[in-house]
Amino acid sequence: SLAPPLGAAGAMLKRQPPTPLKAERRPGVKSELVVKRELGAAKLEAKREEEEKKVATKLECKAERVKAEGSAVAALLQRGLDLRSLAAKREGRVKAEMRIKAEKGVKAEKGVKREQKKARRKRGSAGKPRRKATAARRQASREVMNREVPLSNELASVLGAPSLSRPEAVKRLWAHCREEGMLNPEDRREIVFNERLASLFGRATARMTDLLGVLMPHFDFASQAQPGIAVKRPPEPASKCEVPSKRLCKAEELLRIKRDFAAKLERSAAAASASRAKAEAPAPTSGVTAKAETAKAEAPKAETAKAETVKAERAMPSPAVVEDLAREAMLRLTRMDLDAVTLEVSLPLVALPADLSLEAAASPARPELPALRAPCRLVIGEGDDGAMCSRGEVAIAGIEASAAYRVAVALRAGAAEAWSFEVGVPQRAEPGRWSASETQLWCSALQVPELVRKVREYAIDGATLLALGDEDLAAMGLAAPFLRRRVLERIQALRSGGVGQ
C-alpha cells in the first residue's frame, strides 16, 4: 500500500500471470539422474559378469578334479587287471612246469619198472607179488599177541600171575599203578614209579604208550617153548603150507604135508604129557614157574587180606593214624571275648575213622584256675585254599579274662588219642600290656589280612594298637571304609574293656 502507483501499464503487467522458467537442455549432455542410472546398471552388469566368471572357474576346476580322479581310478583298475593277468600267466607257467615234471617222473618210473622187469626176465624169475593181509593172517597175529608169555619173578610178584599176554600185562601194570596212586596228578597219562618199580624197570617215569617197551625185558620168550608152557597150535594142512617147488608132484606134496603134521602132533602130545607129569610132581623150591605159580595162588589171598586190613583200620585205627591226623589238624582263632573264645578246626579230607571224636581243651596259665573242655563236630566244607576239607567250630565259654590260656584239640578213635598243636589266647583284661605277638593274635581273629601283615611288619604292641585312628589305618593300607570301621569298633571296645569280639 505504500508502493507508488504504476499507472495503466503497470496495472496491465500486474494482471498477467508470471511465465514459468524452463530449463535449458543442451544437446549431447545427459542429466545427472540418467548418469547415475547408467552407472548403476554398468556396475550391476560388471558384478554379474564377475560372478559368472567365478562360477565358470569353479565348474572348470571341479571338472578337472573329477577328470583327475577318474584317471586315477582308471589307472588303479588297469594296474589291478595287469597284476591279475601277470599272476594268471605265472600260475599257468608253474602248472605247465609241474605237468612236465610229472610226465617226466612217470616216464622215468615206467622206464625203471621196465628195466627191472627185463632184469627179472633175464634171471628167469618173474618176482613174487606181495601178499596181502588176509583175515586169517590178522587172526594169527591176534593169537600171537594174546598168547601167554612167562614173566620174571619180580614182575610176577607185582602183577600176581606167572605168565600173561602182552596186552594183559600192560593192563594189569596200569591198574596196579593207579591203585597205588602213582599217576601224575598234573598229567594222568604219566606214571611216576615208586622205588620198587623204578629199580625194577630202570626208570622213574613212563607214559601209557611206553609200558610195553618197559615190560619187554621181563618177558621170558625163551621159556615159551618148554614143556608145560602152551605150545603153538599146528597150522592147517595143505591150505596154509607153501609148496617148496613146482616140480614136486601132487602125491609127494600131500605126503610131505601129512608127515609134517604127524610130527607136530607127536611133539604136542609129548609136551602135554610132560606138563601133566610136572603138575603131579611136588612144586620145586626155586625157579621162575614155581615162584610165579605161588604168587598167582597167593594173589587173591593177599588182596583179600589187604581189604580186610583196611576195613579193620577204618573200624579200629592204629595210634599212628590218629597221630597223623592230629599233626595235620589246623587251628585258627576266630572270636575272642572277655569270657569265651571260638576256634576253627580243619582236617584233610581223607578216610577218617568211623568213631573219631574231637574235644577242645583250654588250659590256663595260672594253676589255680580249672581247665575247660568243649566238644567239636566236623562237617565237610571248602578250605581257605579252595580245597575240600573237614571243618568244625568249637566255642569254649567261662574262661577268666585276666588269665592267658593254651587251647588244643584232642582226637580220639577207639583206644587211640592224640593232641593237636596249641593256640595261645592272651589275657583280655588289660590289652594295653599285650606284646606284639599277642596283638597279632588278636588281629588275626578280626580276619583282616592287611592289618595282620602291618602289625607283624611294624611289631605293634597293645599300647600302640589302642592309639590307632582312622588316618593310621588308612595309611597302613586299609582302603575299604567298612574294614576301617570294623577295626575301629573293636579298638574302641578294647579301650572300654569289653574286648569287642
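**View 1. Confidence along the chain.** The pLDDT is the predictor's confidence in each residue, from 0 to 100. This is a predicted model, in which local features need pLDDT of at least 70 and side-chain atom pairs count only at pLDDT 80 or more, while totals for chains, interfaces and linings use all residues. Residues are numbered from 1 along each chain as its sequence is written, and side-chain values use heavy atoms, with hydrogens and water left out. Helices (H or I, at least four residues) and strands (E, at least two) are DSSP runs, numbered from the N terminus. Confidence in the chain is lowest in helix α1 (residues 7-15), with a mean of 55, and highest in strand β3 (residues 190-192), at 91. Over residues 225-248 the pLDDT is below 50, and this stretch has 21 contacts (heavy atoms within 4.5 Å) beyond near neighbours in sequence. Where pLDDT is low, the predicted coordinates should not be read in detail.

View 2. In α12 (residues 449-458), L451, V452 and V455 are buried (under 20% relative accessible area, with exposed over 50% and partly exposed in between; 1.4 Å probe, protein chains only). These residues lie on the same side of α12, because they cover an arc of only 100° around the axis, taken from the directions from the helix axis to the C-beta atoms. P449, E457 and Y458, on the other side of α12, are exposed. The cover over the buried residues of α12 includes α11 (436-444), α14 (470-475) and α15 (481-496).

**View 3. The residue after helix α12.** A459 follows α12 and has a positive phi, near 55°.

**View 4. L212 in helix α7.** L212 lies in α7 (residues 211-215) and, at 33% relative accessibility, counts as partly exposed.
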